[in-house]
Amino acid sequence: MKRVLGLSWFYLLLSACSVHYTPKDHPYVYIQKQDRETKVWKLVWEENFNSPKLDDQKWSRIPAGGADWNRHMSMDDACFGWESGELILKGIKNTDKNKDPRPFLTGGIWSKEKFAFQYGRIEIRAKLGNAKGAWPAMWMLAELDKYGKYPKNGEIDIMEHLNFDDIIYQTTHSYYTLDLGEKEHPKHFGTASVRTEEYNIYGISWYPDRIVFQVNGTDTFTYPRIKDVDASQWPYDQPFYLLIDQQLGGSWVGEVDQNQLPVEMRVDWIKVYQ
């Protein structure tokens with residue numbers, strides 16, 4: 001499996017010149033060669049979760065934070081599981097409030113500082129759980145802080161699911177959509193129907209001029225780069241890392257019914273092509 005060592009140094013430096021990093025500093029970053037999207041993509045990175053523990057060369061557990069999405073994140077082993085070659089991310093009741101006062105805990109992983117890529121295709125095969133207040137998500141954030149603090153570097157939400165919905169949301173966020181409020185020029189999100197009781201493949205195909213969202217290999221929504229608008233509309237010209245987490249609660253998904261916990265997301269595999 002070739003990392004960035006097998007790619008063009010020259011194009012790597014051109015792509016990230018304003019970030020001031022070198023390939024030696026970030027050997028885990030995969031930059032797609034210029035015009036590579038016109039050729040057949042090749043598998044460059046994958047995770048099959050065959051080990052009964054998290055591969056710390058690829059992933060870290062997501063720590064708790066102050067936002068809705070990470071407020072209940074925990075390092076507790078009870079929030080993570082492995083079974084039949086699958087990673088299980090759980091939302092659970094907190095049974096030891098002396099150690100941690102939060103009412104419930106959630107598990108998530110990210111590839112921050114361990115794997116990131118710029119352009120290509122990612123596919124994630126997973127099965128979602130349903131519960132009131134459940135908010136499983138697969139998404140991406142910028143690795144190298146090219147444009148400044150969030151949301152200037154953008155966010156790519158491959159999949160978000162709420163409660164018992166029979167749809168998922170696929171979204172881009174940025175300074176352009178959040179601070180400038182430009183959410184219709186172009187439209188910044190789409191929805192797709194899913195059967196959550198089944199395994200589905202969630203993904204994107206990411207090009208220099210568009211992000212194509214997909215479910216089970218079918219295109220569902222496209223976010224294009226457009227001309228003659230504020231430059232913040234397209235921060236998606238830099239490497240992004242991956243987050244997968246079983247979130248609970250918050251202003252968007254609503255209150256959590258603890259009687260419906262635990263809830264879990266089962267992740268079978270992840271593949272990245274360039």
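What percentage of the 274 residues in the protein is buried?

**Figure 1. Burial and surface of the predicted model.** Buried residues, meaning those under 20% relative accessible area with a 1.4 Å probe and protein chains only, account for 54% of the 274 residues. Residues are numbered from 1 along each chain as its sequence is written, and side-chain values use heavy atoms, without hydrogens or water.

**Figure 2. Overall fold of the protein.** The protein contains two helices and 18 strands, assigned as DSSP runs (helices H or I, at least four residues; strands E, at least two) and numbered from the N terminus. The C-alpha trace spans about 55 × 40 × 35 Å along its principal axes. Of the contacts (heavy atoms within 4.5 Å) with a separation of 6 or more, 70% involve residues 24 or more positions apart.

**Figure 3. Strand S9 and its two partners.** Six of the eight residues of strand S9 (residues 120-127) are buried. Strands are taken to pair if DSSP finds at least two bridges between them. S9 pairs with strand S14 (residues 200-207) in the antiparallel sense over seven bridges, and Glu123 lies opposite Gly203 in S14. Strand S18 (residues 263-273) also pairs with S9 in the antiparallel sense, over seven bridges, with Arg121 opposite Tyr273 in S18.

Key
Predicted model: local features only at pLDDT ≥ 70, side-chain atom pairs only at ≥ 80, totals over all residues. Buried < 20%, exposed > 50% of the residue type's maximum accessible area, 1.4 Å probe, protein only.
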